[in-house]
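Here is a short tour for a reader who is new to this structure. Please look at the sequence and the model first, then read on.

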Amino acid sequence: MTAGSELQTATDQEVVAWAHEGVEAAYRELLRRYERPVYSLIYRMVRDRELAEDLTQETFVKVLNALDRYRPEFKFSSWIFKIANNAAIDQLRRKELDTLSLEGGPDATTPDRVEATSLQVGDVSESPLDELEARELGSAIERAIGQLRPEYRACIIMRHVEGRAYDEIAQILDLPLGTVKTYIHRARAELRDALGPLRE
Amino acid sequence: MKPIDSVAVGNGEMNEPNDRASLTPAEEDPVIHRELAALSPFAPTVLFEERVLTRVWRPEPEWARNLRSAVRELRDTGRIWLVLGALALGSLIPAAVLAGLGAAFASEIGVGVSWLFEQGLPTAATAAGRDLAAAWSQIETQIGTTQLSGGEFTALGAGSAILLAGCAIGLVRAMRPSMVRR
């Protein structure tokens, strides 16, 4: 039987090895280590609490059910962040398509046609969950992060909030190292521009 | 304010040296760093772990696998009946010992059981009832002799109202999604 303290001090690779042996505490340890970083990344990407929780759950189910395919020579954190980021990006793409369809059918070429094919959305009052999201993501820096392009957002969160190395971010996002550096540089410049007026 | 490379990143427990940020001087940008370093991690709602684990297939623990393969081997070789027979015989031994003891001390056991039901249990029940009645009458006397002034009544009422409001607020908070702050 694996002692809890042993698990807490073990490396990710060792915890995964215990999970392979069917030790439930090892699964719980992986969840304990990564639920907050993964959830925070996805939440800051999609900016919707419920959706972020669903996507985080999907990420963990996918990862924990595929532990036998994990190769210990790679970092576990890179693997899980890669799956989480892909889930968030897919969701943002789907949302983009939904937004376009709300603004009129794809064959709508005239303003009349756009109006006829667009969906009418009524006034939606703010729920307690909306209020919570507004409070959590309402600070100047969170709003500025939310305005970045998704790929810049992912880079800046992983670099500055999660503290990942450039090469690990490149590996997670499947991007060349130079591109990652450029994205982070531009993202920082955009954040500086967005936050600048508040400090003057 | 903590510098970024001294801040435990992620959940702070990655156990791998390069999980920690090591920003080069060229990246130094105090305003952005301060703002980003102050960001709070978020946590999913309670029972998230359980919801995930119910959807995760876990391999059997090693001892269960070994036990299963041992049983399979016994079944395949036909020796399982031998083992089951031995277990059945083995379980007869303590039963026979108990029966023998019962027969040898039958009269003593009979006396003990009849004492228990005729004297032991009724005496204990009477004593417990007497103590309970005495305690209740003491409480009644205490309530009857206590006289509260108007101010004391008001304080009691206000205290109860505050307690009730506290419980209501606690309940409402407990029903909200959890949010973890560093």
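## Terms and numbering

Helices (H or I, at least four residues) and strands (E, at least two) are DSSP runs, numbered from the N terminus. This is a predicted model: local features need pLDDT of at least 70, side-chain atom pairs count only at pLDDT 80 or more, and totals for chains, interfaces and linings use all residues. Residues are numbered from 1 along each chain as its sequence is written, while chains are lettered from A and ligands numbered from 1 in the order in which they are written.

## Confidence

The model scores ipTM 0.77 and pTM 0.60. Residue by residue, confidence is given as pLDDT, the predictor's own score from 0 to 100. Chain A has a mean pLDDT of 84. In that chain, 82% of the residues reach 70 or more. Helix α4 (residues 49-65) of chain A has the highest confidence in the chain, at 96. Helix α6 (residues 111-117) of chain A has the lowest, at a mean of 59. Over residues 119-123 of chain A, pLDDT stays under 50. The model has 2 contacts beyond four places in sequence for that stretch. Two residues are in contact if their C-beta atoms, placed from the backbone, lie within 7 Å.

Chain B averages a pLDDT of 78, with 80% of the residues scoring at least 70. Among its helices, α2 (residues 48-53) of chain B has the highest confidence, at 94. Helix α1 (residues 30-37) of chain B has the lowest, at a mean of 78. Two stretches of chain B stay under 50. One is residues 1-22 of chain B, where pLDDT stays under 50 and the model has 37 contacts beyond four places in sequence. Another is residues 178-182 of chain B, also under 50, with 13 such contacts.

## Chain A overall

Which secondary structure does chain A hold? Chain A has 11 helices and 0 strands. Along the sequence, the pattern is α-α-α-α-α-α-α-α-α-α-α. Of the 200 residues of chain A, 35% count as buried. A residue is buried if 20 or more other C-beta atoms lie within 10 Å of its own, exposed if 12 or fewer, and partly exposed in between, with C-beta atoms placed from the backbone. Take the contacts in chain A with a separation of 6 or more: residues 24 or more positions apart account for 57% of them.

## A helix pair in chain A

Two packed helices are described by the angle between their axes and the distance between the axes. Helix α2 (residues 12-20) of chain A packs against helix α3 (residues 24-46) of chain A at an angle of about 140°. Their axes are 7 Å apart. Axes here are lines fitted to C-alpha atoms, for helices over the stretch in contact, and angles run from 0 to 180 degrees between N-to-C directions. From α2(A), the contact uses A:Val15, A:Trp18 and A:Ala19. From α3(A), it uses A:Ala26, A:Tyr27, A:Glu29 and A:Leu30.

Is A:Ile42 buried or exposed? A:Ile42 has 27 C-beta neighbours inside 10 Å, so it counts as buried. Not counting residues up to four places away in sequence, A:Ile42 touches A:Ala52, A:Leu55, A:Thr56, A:Ala84, A:Ala87 and A:Ala88. A:Ile42 and A:Asn86 are 44 residues apart in sequence, yet 9.7 Å apart in space, C-alpha to C-alpha.

In helix α10 (residues 166-173) of chain A, the residues A:Glu168, A:Ile169, A:Ile172 and A:Leu173 are buried. Seen down the axis of α10(A), its buried residues fall within an arc of 125°, so they line one face of the helix. The arc is that of the directions from the helix axis to the C-beta atoms.

A:Asp174 lies in the loop between α10 and α11 (177-199) of chain A. A:Asp174 is not a glycine, but has a positive phi of about 55°. With 9 C-beta neighbours inside 10 Å, A:Asp174 counts as exposed.

## Chain B

Chain B has 6 helices and 0 strands. Buried residues make up 8% of its 182 residues. Among contacts in chain B between residues at least 6 apart in sequence, 57% join residues at least 24 apart.

B:Leu47 is placed in the loop between α1 and α2 of chain B. B:Leu47 has a positive phi of about 70°, although it is not a glycine. B:Leu47 counts as exposed, because it has 10 C-beta neighbours inside 10 Å.
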